Amino acid sequence: MRHFAHNIFRFFTFHFSLFTIAACLLASCVKEDYFDNSKQGNYEALWRIMNEHYCFFDYKKQELGVDWDEIHGRYAYKINEKMTNAQLFEVLTQMLSELQDGHVNLSAPFDFGRNWSFYEDHPENYNDSIAKLYLGHNYHIASGLKYIILDDNIGYVRCESFEEGVGDGNVSVMLQSMALCHGLIIDVRGNGGGQLDKARTLASHFTNERLHVGYISHKTGKGRNDFSSPKAEYLDPASDGIRWQKPVVVLTNRGVYSAANDFIKCMKLCPNVTIMGDRTGGGSGMPFNNELPNGWTIRYSAVVYYDKDMHHTEFGIEPDVSLSLSGADLAQKKDTYIEKAREYLSKSQ
Amino acid sequence: MAILLLLSLYAYSQDSQTSNLNLQLGGANPQISNLNKEVLHSSMIGVGSSNILDTYLSSYNYTGTDIRIQRETMRMTNLWGGRVSNQSLIDLNGDINKNHARNIDEYAGGIRYSQGWFYNFFNGNTVNPVERSASRFNVAAGLAASGYLGVVYIDRSGNNPAQAKADLMIDVSALATYDMVIAKHHYLWRYQVTFPLIGMAFSPNYGQSYYEAFVAKHYDHNVVFAYPGNMPSMRHKLTLDVPIKRYTLRVGYVAQFNQSMFNHLKYHSYSHDFMIGFNKYLYRR
């Protein structure tokens with residue numbers, strides 16, 4: 001009996017192993033995409049990477065009339081093998097510029113392809129040398145947040161970027177030092193973004209309740225309409241440290257982009273917060289990177305962030321109060337935005 | 001596949017019944033039990049080539065150097081009349097690669113741990129075939145439970161610079177040994193092939209960011225069922241044991257072809273390493 005059982009076991013173990021080996025050998029290899037480091041090959045690779053990964057084709061077609069298939073034919077005839085790398089770079093950048101997306105960039109050792117029309121085509125509404133007069137020389141810095149109390153007992157915070165790792169502790173220390181102020185100005189003009197969670201960390205100190213701030217959706221396949229079902233996103237009130245309860249004005253301009261745009265999206269929903277200035281630059285796609293056969297890096301929007309009403313904010317968010325810098329104020333070395341914000345906060349007392 | 005799995009389990013149950021019968025009759029042969037107290041420890045280090053594709057990070061292959069360390073313990077057990085050997089394997093590797101244009105660096109690495117049980121055919125002993133087997137050629141086959149944790153990182157900014165790798169698998173594995181005698185010296189050849197069979201693996205979705213998966217906790221098919229259809233992988237190991245006085249030198253070649261196609265993301269990690277190390281035989285009291 002024992003010998004019989006061993007024979008059976010031997011038989012099945014052997015055949016099971018053989019079957020598995022055969023199945024694995026028959027399975028196809030997992031190979032890289034077609035690789036062709038010619039001018040045409042790089043052009044096709046760029047078009048295909050964008051075609052399979054970019055997340056705003058439908059929206060850009062609706063808003064700008066961009067037809068990615070038509071673009072392929074229009075630019076393909078501009079490519080030839082005799083062109084220089086600089087010429088190829090120029091054509092590829094032109095093609096990408098059709099999308100008018102600041103998150104779409106082509107990066108080569110000699111240049112950085114971009115379309116920054118979201119702010120270059122509009123008034124800057126920010127004068128760095130005049131804004132610095134308000135900070136003076138004795139301002140404090142908490143992980144990139146520059147802050148000072150102005151003469152009229154209003155706190156002024158200059159937030160130039162979300163690249164630095166601002167945490168609850170930094171924000172709380174800053175808010176604690178301005179606890180006796182009538183109100184707070186958060187100046188994010190020209191803030192091109194950074195880390196999304198840092199933007200949310202700062203915003204979380206201005207709400208006492210969980211806020212539904214929007215939806216998020218990512219691509220689930222190569223098809224242009226392959227998206228996950230949108231998932232709701234929430235801003236939770238800061239659990240550590242101080243939550244600000246007084247009026248706040250946030251100053252924006254067209255240079256507010258990406259994570260800073262998301263910051264405005266969240267702050268607009270917070271109580272006691274007023275957004276003043278110009279429309280933001282937008283940039284509601286989370287960018288991913290890939291590369292071309294020649295080693296140039298391509299960056300593109302890959303994940304879509306919507307607002308709470310499922311609207312895109314790719315082309316910016318309107319402020320509650322529109323402003324523009326006044327030439328007369330500039331002549332007096334005054335920043336119209338900051339002055340209007342102070343006026344507004346003084347009336348809110 | 002499922003039918004064959006069931007048949008295999010049936011065979012397992014048949015043999016278990018035989019084993020139970022043996023126990024009722026007085027247990028395993030004590031002579032076999034004494035033989036089965038030997039344990040083989042093998043430690044090897046190696047270097048070779050690496051080729052990694054991960055389309056979550058890049059559409060193209062990165063190639064370079066692979067460094068590998070393996071620590072293996074094998075012992076015969078008293079299961080099924082002393083015919084089953086147990087293998088414990090720790091496989092640690094690291095890669096430094098570059099893309100086709102050689103202008104972007106990639107770093108990858110991981111650790112795999114597996115526990116396998118092998119049925120030794122033809123009264124064989126694949127732990128110490130030179131001293132314990134009647135035959136010079138031995139074959140064993142069995143199943144192993146293995147787990148892998150790793151990472152692939154590409155040195156550039158962005159929201160997809162790295163990819164985590166993790167799986168928990170049942171592997172099918174077979175090994176063969178051949179005792180080659182030259183001038184009264186025994187040179188032992190050993191070959192092992194392993195195929196991941198079924199299990200679970202981690203993968204982000206096609207365009208899902210790690211921010212979504214781990215910060216916002218928006219999971220989307222991130223734990224996938226793995227089988228040869230979407231994870232056609234295999235690992236080969238060929239070694240030669242060379243006796244040098246009281247020691248046994250082990251030289252070998254390890255080839256690993258790990259592949260997956262989860263959530264429309266393609267991944268492969270091919271490596272070829274030349275290994276060198278030592279064996280140590282211990283006797284358990």
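The report below covers the model's basis, then chain A, then chain B.

## Basis of the model

This is a predicted model: local features need pLDDT of at least 70, side-chain atom pairs count only at pLDDT 80 or more, and totals for chains, interfaces and linings use all residues. Residues are numbered from 1 along each chain as its sequence is written, while chains are lettered from A and ligands numbered from 1 in the order in which they are written.

## Domains of chain A

Chain A is split into domain 1 (39-116) and domain 2 (128-285 + 302-347); such bounds come from an automatic or database domain assignment. Taken over C-alpha atoms, the centres of these two domains of chain A lie 32 Å apart.

Nine residues of domain 1 of chain A are in contact with 14 residues of domain 2 of chain A. Contact means that the C-beta atoms of two residues, placed from the backbone, lie within 7 Å. On the side of domain 1 of chain A that touches domain 2 of chain A, the elements giving two or more residues are α2 (39-53) and α3 (57-64) of chain A. Helices (H or I, at least four residues) and strands (E, at least two) are DSSP runs, numbered from the N terminus. α3(A) gives the most to that side, with three residues.

## Nonpolar cores

A nonpolar core is a set of buried Ala, Val, Leu, Ile, Met, Phe, Trp, Tyr and Cys residues joined through C-beta atoms within 7 Å. A residue is buried if 20 or more other C-beta atoms lie within 10 Å of its own, exposed if 12 or fewer, and partly exposed in between; the C-beta atoms are placed from the backbone.

The largest core has 50 residues, and V157(A), I185(A), A203(A), V250(A), A260(A), F263(A) and M267(A) touch the most other members. Helix α10 (residues 259-267) of chain A gives the most to this core, with six residues. Apart from it lies another core of 27 residues, among them C55(A), L96(A), I216(A) and Y300(A).

## Helix α12 of chain A

Helix α12 (residues 336-347) of chain A has twelve residues and should span 16 Å at 1.5 Å a residue; its end C-alpha atoms are 17 Å apart, which agrees. The expected span is 1.5 Å times one less than the number of residues.

Y337(A), I338(A), A341(A), R342(A) and L345(A) are buried in α12(A). They cover an arc of only 130 degrees around the axis, so they sit on the same side of α12(A). The arc is that of the directions from the helix axis to the C-beta atoms. The face turned away from the buried side of α12(A) carries the exposed residues E343(A) and K347(A). The buried residues of α12(A) pack against α7 (128-135), β5 (154-159), β6, β9 (248-252) and β10 (273-277) of chain A.

## A buried loop glycine

G193(A) sits in the loop between β6 (183-187) and α9 (196-203) of chain A. G193(A) counts as buried because it has 23 C-beta neighbours inside 10 Å. Residues up to four places away in sequence aside, G193(A) touches F162(A), Y257(A), S258(A), A259(A), A260(A) and G283(A).

## Chain B

Chain B has five helices and eleven strands. Of its 285 residues, 41% count as buried.

Most residues other than glycine have a negative phi. A183(B) is not a glycine, yet has a positive phi of about 55 degrees. A183(B) lies in the loop between β6 (162-182) and β7 (185-202) of chain B, and counts as exposed because it has 4 C-beta neighbours inside 10 Å. H264(B) is not a glycine either, and has a positive phi of about 65 degrees. The loop between β10 (247-262) and β11 (265-283) of chain B holds H264(B).
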